[in-house]
Amino acid sequence: MPESHKAERSRARKQNRMAGIGDESGRIVRVKDPVKMAKCKMCTLEVRMTKTNTELRSHAVSKHSSTFELCFPEAKLAEDQLADEAATAAKDKKKGGSDKKKGNKEDLSSLLAAGLAASKPK
């Protein structure tokens, strides 16, 4: 019974060591991006930015009775940029999938035509 792909992992680590990739034991270390922080323009408090920025919004409303855009303008720009990137990625993904299906349909019809032409009537 395999032990969670232990042999496969050790084989990959050995190949990494031979290729000089990763640390001394062959493990590839993933470096995380640093946490994005936004600084409030009114009180200069740094708050962590997230996908929905709920902490930023609640800080702006509860501490300053202001809007999110006035307290954290750089966070608003980053949020808009992420939304644009997500929209273009979804658009590209949708566009790419339809082309693949069309090409597959044409290939099948040509195969069917070739098969029908090659078969002899009985």
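A disulfide here is a pair of cysteine sulfur atoms within 2.5 Å. Everything below comes from a predicted model, where local features need pLDDT of at least 70 and side-chain atom pairs count only at pLDDT 80 or more, while totals for chains, interfaces and linings use all residues. Residues are numbered from 1 along each chain as its sequence is written, and side-chain values use heavy atoms, with hydrogens and water left out.

**View 1. The chain as a whole has four helices and two strands.** Helices (H or I, at least four residues) and strands (E, at least two) are DSSP runs, numbered from the N terminus. Read from that end, the order is α-β-β-α-α-α. Of the 122 residues in the chain, 14% are buried; buried means under 20% relative accessible area, exposed over 50%, and partly exposed in between (1.4 Å probe, protein chains only).

View 2. The disulfide count is zero, and Cys 40 is in no disulfide. In general, a disulfide is a covalent bond between the sulfur atoms of two cysteines. As for cover, Cys 40 is buried at 2% relative accessibility, while Cys 43 is partly exposed at 34%.

**View 3. His 59 sits in helix 2, residues 54-64.** Is His 59 buried or exposed? With a relative accessible area of 8%, His 59 is buried. Leaving out residues up to four places away in sequence, His 59 touches Cys 40, Cys 43, Leu 45, His 64 and Phe 72. Val 61 also lies in helix 2, but Val 61 is exposed, at 55% relative accessibility. From Val 61 to Cys 71 it's 10 residues along the sequence and 9.5 Å in space, C-alpha to C-alpha.

**View 4. Phe 68 and Phe 72 form a tilted aromatic pair.** Rings of Phe, Tyr and Trp (its six-membered ring) pair if their centres lie within 6.5 Å; planes under 30 degrees apart count as stacked, over 60 as edge-to-face and the rest as tilted. By that rule there is one aromatic pair. The ring centres of Phe 68 and Phe 72 are 6.4 Å apart and the planes meet at 40 degrees, so the pair is tilted. Both Phe 68 and Phe 72 are buried. Arg 57 lies over the face of Phe 68, 4.3 Å from the ring centre; a charge sits over a ring if NZ of Lys or CZ of Arg is within 6 Å of the ring centre and within 35 degrees of the ring normal.

**View 5. Asn 53 has a positive phi without being a glycine.** Its phi is about 55 degrees. Asn 53 is in the loop between strand 2 (46-48) and helix 2, and is buried at 2% relative accessibility.

**View 6. Ser 65 has a positive phi, near 50 degrees, in a residue other than glycine.** Ser 65 is in the loop between helix 2 and helix 3 (68-71). Ser 65 is exposed, at 69% relative accessibility.

Terms used. Contact means heavy atoms within 4.5 Å.
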